[in-house]
Structure formats: C-alpha cells, structure tokens
Amino acid sequence: MHIQEWLETVPAISVYLLVGLVIGLESLGIPLPGEIVLISAALLAAGHDGVNPWILGACATAGAVIGDSIGYAIGRRGGRPLLAWLGGKFPRHFGESQIAMAERSFQKWGVWAVFFGRFVALLRIFAGPLAGVLHMPYWKFLVANVLGGIVWAGGTTAVIYSVGVVAEDWLKRFSYLGLGIAVLIGLTSMLILKSRAKKAAAHAAPAPAPVAD
C-alpha cells in the first residue's frame, strides 16, 4: 500500500499529526521520508474535502521548525561525539564524506545553509544538529530555520495542492494525460528549487590543493 493510499484511510487530524511528526523527526536528524509524506498528504488534500491544506501546511511548518530547534539543542550539547555516534548508526547519511560536505556548506554560507538546506534531503537532516555542533548563534539559526520551514513546507504544500486540484479538474475534462502533465509541472518546479540549493552547496566546497612537482 502506498503512503497516499494509507493516508486516505485515517482521519484528517491523524494526517496533520503524522506529517508534523515525520517532518519533525527528520529535521531533528533521523533519516525519514518527510518530503514524500508531505507531498502525499498535499495530493490527498487536493482530492479530499476533509483535509485542509492550510492546516496541513501549518503542521508541516511547525514540525520543521520544532524538529530543527530540538536538533540544534541536541547538537549543541552532544558536540562532535554525537556526529560520530550517528555515523555508526546511519553511515549512509552521517558518514565522514556527508559530514564534511555539510560542514563546508555551513562554513561558506552560514545561515543560508540552514535556509536552503530545507530543499536538500541531506542538509535537511543535518541542519539542526550540525548548526548546534558548530555553535551557530541560536537567533541566527532560528530566523533561517523559521523562514526555511515556511518556504519549504508551506511552498511544497501550496504547489502540490494546486497541482492536484488542476489535475483533478483536467482528469474530469480530458484524461490521465492531464494528470501526468500537471504532476510533471509541480515536480519540475520542486526539482528546480532543489537544484539551486544543491549548486549553492557545491560552490561551498573548497578548490583542491595544487599537486607539488
């Protein structure tokens, strides 16, 4: 059973709580498919009168902001030993190369790494704990965290919900072709945002040192 099919079987309040919880845990530093759950719930809201997209977006934003803040507090208290422990538990997400890339992004872009990190799966998991480990001032982190959470969670909900509404209308008038085109437009817009965020992270990587003769 797909996530969206399962969401259709539970009450709206459970959908809101699930989205907020999964995104919150992902933001805290636990590798979970927060974006997939949010997209599935937004599509569900487009064709289900019982799920309100405004409440859904608010719950997703709250989960993102609260999860990141808890991750920041844990990272600040746990320090680098915490990253080493996470590397042992989740080597694919917290391995040395992933941590090094995230650190370069933070050193280069600072608070912007927290903001744009919302659109990149790896940095979305890292942002809170790593900002705490690197002792980023909390007020700076909080501003970037709140703005990033609103733009990512609210924007994703709005885009996917709008795509779902248009797709449903086209589906009634035309065929599944309308659904495919509408979903493609929505996914393309999200991929563009992700691509820009990844390029920003890539530019943060230092140039390799010249090889001595």
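Two residues are in contact when they have heavy atoms within 4.5 Å of each other. Keep that in mind for the views below, which show a predicted model.

View 1. Thr61 sits in H4, the helix covering residues 53–89. Leaving out residues up to four places away in sequence, Thr61 touches Gly149, Ile150, Ala153 and Gly154. Is Thr61 buried or exposed? Its relative accessible area is 15%, and buried means under 20%, so Thr61 counts as buried.

**View 2. Helices H2 and H3 crossing.** Here we look at H2 (residues 12–28) and H3 (residues 34–47), whose axes come within 9 Å and cross at roughly 160°. Angles over 145 degrees count as roughly antiparallel, so that is how H2 and H3 are arranged. Their crossing is left-handed.

**View 3. The residues where H2 meets H3.** On the H2 side, the contact is made by Val15, Val19, Val22, Ile23 and Glu26. H3 brings in Gly34, Glu35, Val37, Leu38, Ala41 and Leu44. Sort the residues of this contact by type and you get 8 nonpolar, 1 polar and 2 charged.

**View 4. Stepping back to the whole chain.** What is the secondary structure of the protein chain made of? It comes to 10 helices and 0 strands. Of the 213 residues in the chain, 44% are buried. Among contacts with a separation of 6 or more, 77% link residues 24 or more positions apart.

Key
Residues are numbered from 1 along each chain as its sequence is written. This is a predicted model: local features need pLDDT of at least 70, side-chain atom pairs count only at pLDDT 80 or more; totals for chains, interfaces and linings use all residues. Side-chain values use heavy atoms; hydrogens and water are left out. Axes are lines fitted to C-alpha atoms, for helices over the stretch in contact, and angles run from 0 to 180 degrees between N-to-C directions. Helices (H or I, at least four residues) and strands (E, at least two) are DSSP runs, numbered from the N terminus. Angles under 35 degrees count as roughly parallel, over 145 as roughly antiparallel, 65 to 115 as roughly perpendicular and the rest as oblique. A crossing is left-handed if the near helix is turned anticlockwise from the far one by less than a right angle, and right-handed if clockwise. Ala, Val, Leu, Ile, Met, Phe, Trp, Tyr, Cys and Pro count as nonpolar, Asp, Glu, Lys and Arg as charged, and the others, Gly among them, as polar. Buried means under 20% relative accessible area, exposed over 50%, partly exposed in between (1.4 Å probe, protein chains only).
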